[in-house]
Amino acid sequence: MALHLSWAFVFGVLGNVVSFLVSLAPLPTFYQIYKKRTSEGFQSIPYVVSLFSAMLWIYYALLKKDAMFLITINTFCCFIQTFYIVAYFYYAPKKEKVVTVKLILLFNIFGFGVIFLSTFFLQNPLTRLHVLGYICMAFALSVFAAPLCILRKVIKTKSVEYMPFTLSVFLTLGAVMWFFYGLLLKDMNIAVPNVVGFIFGILQMILYAIYKNCPKKMVEDPKLHQLSEHIVDVVKLGTMVCSEVNAVAPQPNETNNNGGVVQAQNIKGNTTDHDASNKV
């Protein structure tokens with residue numbers, strides 16, 4: 001028993017280290033937002049969902065009472081995600097600010113409030129823990145829609161631009177650490193989602209090996225760059241991934257302006273020809 005606990009401690013520490021590094025991945029995005037003085041082209045939902053996930057896992061860990069490392073990493077995650085949300089909100093256009101407030105009310109106030117009230121007053125503490133654990137596990141598994149979108153994009157474009165290799169390695173390492181942490185604690189709510197996380201991590205590395213030498217296609221979409229940053233680390237579910245690739249938002253106005261110039265030149269040319277024919 002003591003040996004199991006000591007190994008759980010080791011994997012818990014390693015999981016915290018990996019997840020801590022992953023949680024800092026969005027910083028380059030916010031440096032870019034700071035330089036541009038606007039968060040237009042990006043979305044706040046990854047950070048709001050990450051904060052919601054961290055809150056869920058902290059609540060679960062407090063009820064479980066023997067999952068200290070879930071508390072430490074998710075507490076840090078709450079702070080860093082709050083920082084991301086505040087920074088995003090500060091530089092966001094008015095419309096995006098309204099959307100962000102609605103998301104916070106939906107997930108962090110109403111959503112968490114409903115889960116808390118519906119589980120906290122259950123008379124049997126073991127039932128309460130099991131119900132909350134199932135909710136956490138179901139939410140962890142559902143968020144895998146995000147990496148599926150990235151994998152689909154990699155296959156479609158034959159480019160790994162949105163899926164850096166370092167990201168895949170850290171995802172896989174994190175999944176391994178947290179899987180063994182949950183297994184040693186005999187907690188399947190922690191272990192099971194990370195089996196899926198490990199599979200996705202291996203799949204990403206395989207796709208990287210297949211497409212790494214393919215020429216890059218110019219598919220500029222800042223939301224895809226942001227999504228690649230926020231593939232979910234399902235143990236703490238608040239840190240989402242990747243080293244930021246410089247995202248350039250598409251500028252349709254330039255095309256319209258150029259089109260306007262061409263059209264003006266055509267009109268001018270037609271007018272000149274018409275005047276010349278009149279003179280003749």
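Tutor: What follows begins with the salt bridges and then turns to the helices around them.

This is a predicted model, in which local features need pLDDT of at least 70 and side-chain atom pairs count only at pLDDT 80 or more, while totals for chains, interfaces and linings use all residues. Residues are numbered from 1 along each chain as its sequence is written, and side-chain values use heavy atoms, with hydrogens and water left out.

A salt bridge here is a side-chain nitrogen of Lys or Arg within 4 Å of a carboxyl oxygen of Asp or Glu. The count by this rule is two. In one of them, D187 and K64 meet through their side chains at 3.1 Å, N to O. This pair joins distant parts of the chain, 123 residues apart: K64 belongs to helix α3, and D187 to the loop between α8 (165–184) and α9 (188–211). Helices are DSSP runs of H or I with at least four residues, strands are runs of E with at least two, and both are numbered from the N terminus. D66 also forms a salt bridge with K64, the closest N and O atoms being 3.8 Å apart. Through shared partners, K64, D66 and D187 are joined into one network.

Buried means under 20% relative accessible area, exposed over 50%, and partly exposed in between (1.4 Å probe, protein chains only). K64 counts as buried because its relative accessibility is 16%, and D187 is buried as well. D66, by contrast, is partly exposed, because its value is 41%.

Contact means heavy atoms within 4.5 Å. Apart from residues up to four places away in sequence, K64 touches L129, L185 and D187.

Helix α3 comprises residues 45–64, and V48 is also found there. V48 is buried because its relative accessible area is 0%. Beyond its neighbours within four places in sequence, V48 is in contact with I85, L103, I104, F107 and N108. The C-alpha atoms of V48 and N108 are separated by 7.5 Å, although these residues lie 60 places apart along the chain.

The unreviewed UniProt entry annotates several stretches as "transmembrane region", including residues 45–62, 103–123 and 162–184; such annotations may be inferred rather than shown by experiment. In the model, residues 103–123 are 86% helix and 0% strand, with end C-alpha atoms 31 Å apart. Residues 162–184 are 87% helix and 0% strand, and there the end C-alpha atoms are 34 Å apart.
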